[in-house]
Amino acid sequence: MGETVAQPPEVRDKAFAEFVLPEVKILLRVAMTLTAQSADAEDLVQDTLLRAYRAIDRFDGEHPRAWLLTIMRRAEINRHRRRRPHLLDDPDADLDRLTAADAVASPEEEVVSEGFDEVVGAALAALPDKHQQVVRLVDIGGLSYAEAAEVLDVPEGTVMSRLHRARKRIRTQLAAAGLAPKPKRSRM
């Protein structure tokens, strides 16, 4: 630690504003997928921002999102170590964010939408945790495969495979509920 020279506060603040602040929304979305509780997600983001601010002098300016997601992943691992045993979070809590509050829908559309959300929520809840995480990060959180792989500390191919299996299971449940076309069978 004695080798790094602390930058003046103005330089640190400028670097923080340039590299870290544009990524706060992404950090919050990722934190929500990791914790599934808004208060815990906000705490995780705050912890990540504090750690990033302290380490901004050592950051080279390359790939700020990957750098921040690595900080977040390590902070979450440390939080889990301190909190053992950790109760499972409710995966349905994230589905509330999917409904558009601004959209005005007819009563029929609202009933169909609620039924659809219930089936999707049940399908998501039925998935193994590792598949739920990938769906939350990529499909709900909007991260790329590479970013999700970085957050989960797995290869990108693993993210793609898990996402494929998760989507297939969700589609099957939607089809069984009559909310999606039945899968086509091969004619061989």
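Arg-73 is buried, at a relative accessible area of 13%. (Buried means under 20% relative accessible area, exposed over 50%, and partly exposed in between, with a 1.4 Å probe and protein chains only.) The model is predicted: local features need pLDDT of at least 70, side-chain atom pairs count only at pLDDT 80 or more, and totals for chains, interfaces and linings use all residues. Residues are numbered from 1 along each chain as its sequence is written, and side-chain values use heavy atoms, leaving out hydrogens and water.

### Exercise 1: The chain

State how many helices and strands the protein chain has, and how much of the chain is buried.

**Solution.** 
- Step 1. Count the elements. The protein chain has 8 helices and 0 strands. Helices (H or I, at least four residues) and strands (E, at least two) are DSSP runs, numbered from the N terminus.
- Step 2. Read the order. From the N terminus, the elements run α-α-α-α-α-α-α-α.
- Step 3. Take the burial. Of the 188 residues in the protein chain, 36% are buried.
- Step 4. Take the surface. The accessible surface is about 12300 Å², and carbon and sulfur atoms hold 54% of that. Areas come from the Shrake-Rupley method with a 1.4 Å probe; for residues, only the protein chains shown count as cover.
- Step 5. Look at sequence range. Among contacts with a separation of 6 or more, 68% join residues 24 or more positions apart. Contact means heavy atoms within 4.5 Å.

### Exercise 2: Arg-73 and Leu-34

**Solution.** 
- Step 1. Link the two. Leu-34 and Arg-73 are 39 residues apart in sequence and 8.9 Å apart in space, C-alpha to C-alpha.

### Exercise 3: Helix α6 against helix α7

Describe how α6 and α7 cross, and name the residues that meet.

**Solution.** 
- Step 1. Know what to report. Two packed helices are described by the angle between their axes and the distance between the axes.
- Step 2. Get both values. The axes of α6 (residues 129–140) and α7 (residues 145–152) come within 9 Å and cross at roughly 135 degrees. That makes α6 oblique to α7. Axes are lines fitted to C-alpha atoms, for helices over the stretch in contact, and angles run from 0 to 180 degrees between N-to-C directions. Angles under 35 degrees count as roughly parallel, over 145 as roughly antiparallel, 65 to 115 as roughly perpendicular and the rest as oblique.
- Step 3. Get the hand. The crossing of α6 and α7 is right-handed. Left-handed means the near helix is turned anticlockwise from the far one by less than a right angle; right-handed means clockwise.
- Step 4. Name the residues. Gln-133, Val-134, Leu-137 and Val-138 in α6 meet Tyr-145, Ala-148, Val-151 and Leu-152 in α7.
- Step 5. Sort them. The contact of α6 with α7 has 7 nonpolar, 1 polar and no charged residues. Ala, Val, Leu, Ile, Met, Phe, Trp, Tyr, Cys and Pro count as nonpolar, Asp, Glu, Lys and Arg as charged, and the others, Gly among them, as polar.

### Exercise 4: Val-138

Is Val-138 buried or exposed, and which residues is Val-138 in contact with?

**Solution.** 
- Step 1. Val-138 belongs to helix α6. Its relative accessible area is 11%, so Val-138 is buried.
- Step 2. Leave aside neighbours within four places in sequence. Val-138 is in contact with Leu-143, Ser-144, Tyr-145, Ala-148, Val-159, Leu-163 and Arg-167.
- Step 3. Take one of these partners. Val-138 and Leu-163 are 25 residues apart in sequence and 8.2 Å apart in space, C-alpha to C-alpha.

### Exercise 5: Positive phi

Find where His-63 and Asp-153 lie, and give the phi of each.

**Solution.** 
- Step 1. Recall the background. Most residues other than glycine have a negative phi.
- Step 2. His-63 is not a glycine, yet has a positive phi of about 55 degrees. His-63 lies in the loop between α3 (38–55) and α4 (64–83). At 58% relative accessibility, His-63 is exposed.
- Step 3. Asp-153 is not a glycine either, and has a positive phi of about 60 degrees. Asp-153 is in the loop between α7 and α8 (156–176). With a relative accessible area of 57%, Asp-153 is exposed.
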